[in-house]
Amino acid sequence: MLTETVAGRTYDYSHNVGRGAATGMGFANPVALALDADGVVYVVNRGGESISNVPWDRTGVGARISKVSLGSQAGEEEYLSEFSRYGSAPGQLIWPTGIALDSQGSVYVTDEWLNRVSVFDRAGNFVTCWNVVQPGEGEPNGVAGLAIDANNILYITDGRSHKVRRFTTDGTFLGSWGHQGSAPGALDSPWGVAVDDEGYVYVADSQNHRVQKFTSDGACVAQIGGPGNKRASLSYPTDVAVDPDGDVYICTWNKNAWDRGRIQIFDADGRFLTGLVGDAQQLSHWAEMTVAANTDYLKRRREVRSTEPEWTFAQPTGVAFDALHGRLLVADTQRSRIQIYNKLSNYLVPQMNL
């Protein structure tokens, strides 16, 4: 369903951007997204993680940040630049996981392997980096999602120590909350995190199959979703976003062969609205360029019984809401693309109102 109206909201599939590429004009397993004040999207490419004897085929090849202007429709996207590379030196990344921008446009990237935050300016120049794990913390650590609130406070989840840490933009530690468990306020392998316009913090509580809503100091005020096989259930949520209306978008990774992930949408009170499974019926502009340049690619695509299986999400990992343009962006990770949905408030079909 390319266009769906529910509870006064219309989600209208627009187009998708991307293709698989280890570098340059494309993505390599995109896992997180962030937007600047001009609507330019910064994409975290996790890159391949296979180990090979081929010298150039290193673990993490393709790990980088892509900077892309999306445009308003297919064909208007523009690859602007990319920065960082695979490695452990300052300014490099091994397992990048989360990304956010502060009010000045500086870019912050978390690294699950290095347990640090790397900071870049808006042009992609490396500024500094700092360690997230604090002295005396003896448990395993694996830094995951990242969000920044209106006061430039960073919230960083840790999927292995099951907590959320707070920092200033210069890396000063402000405190943490969370411990492993399933009770309200406890966490199990938290991943993505978001902050709404009122300062509430939403955490994708992955292994508990829910999203929890916290105050800025860690008091749990609500739970959204939960395990199960109902329409409103969540299965391994990886990321969460909140739009200016308070609607909550939850990216589910899922482990079932029959359902390879979706976006579940809830209103501000936690009521389930609908789910999106992906609608990329047309190749992206960049992917079309690749197919058009290779006759064999084109022949093979015309020989398949149906291209329908490629329309849907394949283990989507990141989600962001572009408030400037009123649209939802989904990092369709295994297909190395971004699927885009417009949220419309004035959608009318006159025949249906007679």
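Is Ala 89 buried, partly exposed or exposed? Select Ala 89, in the loop between β6 (78–83) and β7. Its relative accessibility is 33%, so Ala 89 counts as partly exposed. Buried means under 20% relative accessible area, exposed over 50%, and partly exposed in between, with a 1.4 Å probe and protein chains only. Strands are DSSP runs of E, at least two residues long, numbered from the N terminus.

Before moving on, note what you are viewing. This is a predicted model, where local features need pLDDT of at least 70, side-chain atom pairs count only at pLDDT 80 or more, and totals for chains, interfaces and linings use all residues. Residues are numbered from 1 along each chain as its sequence is written, and side-chain values use heavy atoms, leaving out hydrogens and water.

**Stop 1: strand β17**

Select residues 210–214, which form β17. Here 5 of the 5 residues are buried, so the strand is largely enclosed by the rest of the structure. Show the side chains: Arg 210, Gln 212 and Phe 214 point one way, while Val 211 and Lys 213 point the other way.

Two strands pair if DSSP finds at least two bridges between them. Tyr 202 has Lys 213 as its bridge partner in β17. In this hairpin, 4 residues lie between the strands, and His 209 takes a positive phi near 55°.

Val 211 has Ile 224 as its bridge partner. This hairpin has 5 residues between its strands, and Gly 218 in the turn has a positive phi of about 100°.

**Stop 2: the largest nonpolar core**

Select Tyr 249, Ile 263, Ile 265, Leu 276, Val 319 and Leu 328. These have the most contacts inside the largest nonpolar core, which has 17 residues. Such a core is a set of buried Ala, Val, Leu, Ile, Met, Phe, Trp, Tyr and Cys residues joined through side-chain atoms within 4.5 Å. Another core, of 14 residues, lies apart from it; Val 40 and Phe 120 are among its members.

**Stop 3: an open sheet**

Select β11 to β14. This open sheet has 4 strands in the order β11-β12-β13-β14, with antiparallel pairing. β11 (143–148) and β14 (173–177) stand at the edges with a single partner strand each, so one side of each is left without a neighbour in the sheet. Inside the sheet, 5 bridges join β12 (residues 154–158) to β13 (residues 163–167).
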